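Open the model in your viewer and keep the selection tool ready. This tour tells you what to select at each stop and what is there.

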Amino acid sequence: MSGKPAFGLDAAFALVILAIGGVIAYVSWGYGFGSMGRPGPGLYPFFVGIAIALAALFTLAGVLRTSDPHPVLDTEGARTFAIMTATFCFWVLAMPVLGYVAVTLISTIVFAKAVRLEGWRKPLAVAAGTALFIYLLFDVWLYIDLPRGIWQ
Amino acid sequence: MSGWELLLNGFANSFTTVNLVACFVGALIGTVVGVLPGLGPTATMALLLPFTIPYGATTGLIMMTGVWYGAMYGGSTTSVLINIPGEAASVVTCLDGYQMARKGRAGAALALVAIGSFAAGTLGLVGLQFLAPLLGQAALSFGPPEFLAFMLLAFVLLANLSAEAPLKGALMIALGLFLSAIGINPMDSYPRFTFGTEKLMLGIDFLPIAMGLFGISEILTIAVEKYVKPAVAKVRVRELYPSGDEMKRSVFPMLRGSVLGFFVGLLPGPSTVISTFVAYAVEKRLSRRPDEFGHGAVEGVVAPESANNSAVMGSMIPLLTLGIPFAAPSAIMLAGLRMHNVEPGPMMFTSNPDVFWTFIAAMYLGNLMLLVLNLPLVGAFAKIATIRPQILLPIISVICLVGIYSVRNAFFDVWVMIAAGVSGFFLRKWHYPIAPFIIGIVLGPTTENSLRQTLIMFKGDLALIVERPLATTLLTIAVAFIAYRVFVRVRGRSRLIAVEEGKGL
């Protein structure tokens with residue numbers, strides 16, 4: 001990405017928020033305003049929606065004037081970001097099946113590799129230490145019933 | 001019971017093993033978090049909140065404040081030794097602290113920071129101890145119009161003080177207010193924005209949002225950055241003695257920083273950060289040696305560090321007396337107190353006086369613990385600063401995931417946290433302030449209730465608010481502040497145009 005984009009991701013974000021503000025105001029209208037002396041459930045969120053839309057509109061104007069030509073993430077950063085986010089999602093999806101110990105081990109190793117922890121010995125040691133810590137803190141000390149998955 | 005009797009009672013309550021351990025653990029974790037660049041006190045407080053649930057409101061409050069307070073102490077260590085602020089309130093300390101370290105006075109700088117922080121923390125506590133009950137008494141006369149006006153003033157100040165662009169701050173507050181409106185509205189039991197989903201009936205829980213915005217987004221931000229190993233200045237224990245001249249030069253900056261920090265702490269926004277800049281500017285202006293600032297002036301280290309500790313105590317006043325948090329860490333504290341069914345505010349001094357007084361007593365002890373902890377262990381804390389994020393990030397990531405799941409055993413909360421974390425990452429990159437969003441969520445229900453009660457009270461005629469002097473004064477200040485900002489902006493723009501036209505000629 002080079003040069004100055006006229007409409008970047010930050011502008012798109014402000015536009016989406018502007019639309020959300022409009023939707024909030026519209027939906028709130030449907031909840032009913034009541035009267036000023038006896039306000040209904042839609043009155044407050046309607047004004048909040050209008051405030052969001054107005055603030056987003058002016059922010060959008062400002063963003064379009066001063067749009068940053070640099071991308072938020074470079075290629076390596078985008079890769080790290082994608083792996084980290086995917087691992088967070090993996091943790092939630094795999095936990096009921098694999099159980100907390102296996103998921104902790106796998107996730108910690110992937111996190112460590114995503115943030116460029118060199119070799120395999122250190123990631124494995126960090127993963128084992130984290131899994132042990134989670135077991136001692138949550139399972140033994142706090143009696144939290146964490147999913148055990150297929151190991152149950 | 002008189003104030004002193006209540007305080008003594010508070011000391012008796014705080015001398016329980018669980019409270020002392022909570023105080024020590026909070027202070028220790030806070031110091032470590034302050035030392036580590038990246039993970040700030042707000043994320044840590046959010047992360048620790050679930051662990052305080054089994055131990056009651058007072059213990060939770062003590063631990064949370066210990067973390068916040070400890071972070072103020074720890075943040076300065078890296079500022080002095082490696083020129084990297086451990087957290088935002090220690091940025092100013094880098095200017096002169098690191099220069100002192102380069103001159104071989106790192107030990108003295110750290111000792112003065114610890115003594116200054118201790119003195120300021122104690123003075124701030126004295127202020128809190130005397131002012132909070134008085135203000136709490138005064139706040140009893142607040143009705144819905146006063147609360148509404150106060151809230152509006154807080155939002156105006158918050159939007160202006162938290163962000164480079166006030167509109168972005170205002171947008172974040174409004175988004176927070178909206179998020180708090182999701183779910184069944186307690187005033188008329190009407191479900192709003194639930195889209196028929198049962199999970200949204202009770203609203204979106206605050207904790208996953210806070211953990212995501214402050215924890216996960218920080219993890220993602222650090223993960224994508226390139227790491228450069230810092231060089232740490234060595235400190236020996238025998239070097240921890242400031243010279244007589246350094247001590248003498250520190251006394252008044254310490255006192256001025258403490259008083260100033262306490263009052264700046266009463267303002268909405270990142271008061272601990274603002275207090276350091278204000279204290280530094282004041283000292284530079286008052287100094288007989290202003291040219292020394294930026295080259296290792298003792299005053300430039302002591303005053304900001306005293307101010308940020310005192311500001312923590314100042315910012316507890318609106319939280320404890322009105323139940324209104326003005327900063328992100330106090331918003332987390334409010335959420336924590338609510339988890340224990342304790343609602344801070346004017347009634348707390350009569351309904352739960354033991355919570356307040358035990359908290360005050362424990363903080364006196366915590367302040368002492370931090371002094372003892374920070375002086376001899378400064379070398380150990382400096383070593384922590386060199387632990388690579390490649391080792392810490394995977395551990396913290398998994399603890400965040402398990403921590404938020406363990407609160408309600410709900411995967412939904414984990415999804416909310418991940419979504420908030422990813423959103424928070426981009427919001428930071430695009431310079432949207434996070435704290436106003438969190439404060440908006442926390443204050444949303446009070447704002448709506450105040451608005452609706454005021455409308456009912458005035459039978460829909462909001463103009464009647466002029467009959468309430470306090471509410472009118474607060475609203476006038478808010479309007480005057482907006483007018484001032486618009487005036488400054490318009491004047492700045494017309495000057496810029498004039499300069500450009502001059503260049504054109």
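**Stop 1: A:Asp139 and its partner**

Select A:Asp139: at 13% relative accessibility, A:Asp139 counts as buried (buried means under 20% relative accessible area, exposed over 50%, partly exposed in between, with a 1.4 Å probe and protein chains only). A:Arg148 forms a salt bridge with A:Asp139, and their closest N and O atoms are 2.5 Å apart. A salt bridge here is a side-chain nitrogen of Lys or Arg within 4 Å of a carboxyl oxygen of Asp or Glu. A:Arg148 is partly exposed, with a relative accessible area of 29%.

Before you move on, note what you are looking at. This is a predicted model, in which local features need pLDDT of at least 70 and side-chain atom pairs count only at pLDDT 80 or more, while totals for chains, interfaces and linings use all residues. Residues are numbered from 1 along each chain as its sequence is written, chains are lettered from A and ligands numbered from 1 in the order in which they are written, and side-chain values use heavy atoms, with hydrogens and water left out.

**Stop 2: a link across chain A**

Select A:Glu76 and A:Arg116. They form a salt bridge, with the closest N and O atoms 3.6 Å apart. The pair links distant parts of the chain: A:Glu76 is in helix 3 of chain A, A:Arg116 is in the loop between helix 3 and helix 4 of chain A, and they are 40 residues apart. Helices (H or I, at least four residues) and strands (E, at least two) are DSSP runs, numbered from the N terminus. A:Glu76 is partly exposed at 35% relative accessible area. A:Arg116 is partly exposed too, at 30%.

Now colour chain A by domain. The assignment gives domain 1 (9-65) and domain 2 (75-151); such bounds come from an automatic or database domain assignment. The C-alpha centres of these two domains of chain A lie 39 Å apart.

**Stop 3: where the chains meet**

Show chain A and chain B together. How many residues does each chain bring to the contact? Chain A brings 63 residues and chain B brings 59 residues; contact means heavy atoms within 4.5 Å. Chain A and chain B bury about 5,400 Å² between them, 80% of it on carbon and sulfur atoms. Buried area is the accessible area (1.4 Å probe) that two parts lose on being put together, summed over both. Highlight A:Tyr44, A:Phe88 and A:Trp91. These supply 14% of the area that chain A buries against chain B, more than any other three residues.

Next, find the charged pair. There is 1 salt bridge between chain A and chain B. The side chains of A:Glu118 and B:Arg388 meet in a salt bridge at 3.3 Å, N to O.

Which helix of chain A gives the most to the side that touches chain B? Helix 3 does, with 18 residues. The residues on that side of chain A divide into 44 nonpolar, 11 polar and 8 charged. Here Ala, Val, Leu, Ile, Met, Phe, Trp, Tyr, Cys and Pro count as nonpolar, Asp, Glu, Lys and Arg as charged, and the others, Gly among them, as polar.

**Stop 4**

Select A:Thr108, which is in helix 3 of chain A. A:Thr108 is buried, with a relative accessible area of 0%. Not counting residues up to four places away in sequence, A:Thr108 touches A:Val126, A:Ala127, A:Thr130, B:Pro394 and B:Val398.

Jump to B:Glu448, in helix 19 (residues 435-457) of chain B. B:Glu448 counts as buried, at 5% relative accessibility. Leaving aside neighbours within four places in sequence, B:Glu448 is in contact with A:Tyr44, B:Asn185 and B:Arg192.

**Stop 5: two phenylalanines in one loop**

Select B:Phe193, in the loop between strand 2 (190-192) and helix 9 (206-224) of chain B. Most residues other than glycine have a negative phi. B:Phe193 has a positive phi of about 55 degrees although it is not a glycine. Then select B:Phe195, which is in the loop between strand 2 and helix 9 of chain B. B:Phe195 has a positive phi of about 50 degrees and is not a glycine. Are these side stops buried or exposed? B:Phe193 is buried at 3% relative accessible area, whereas B:Phe195 is exposed at 66%.
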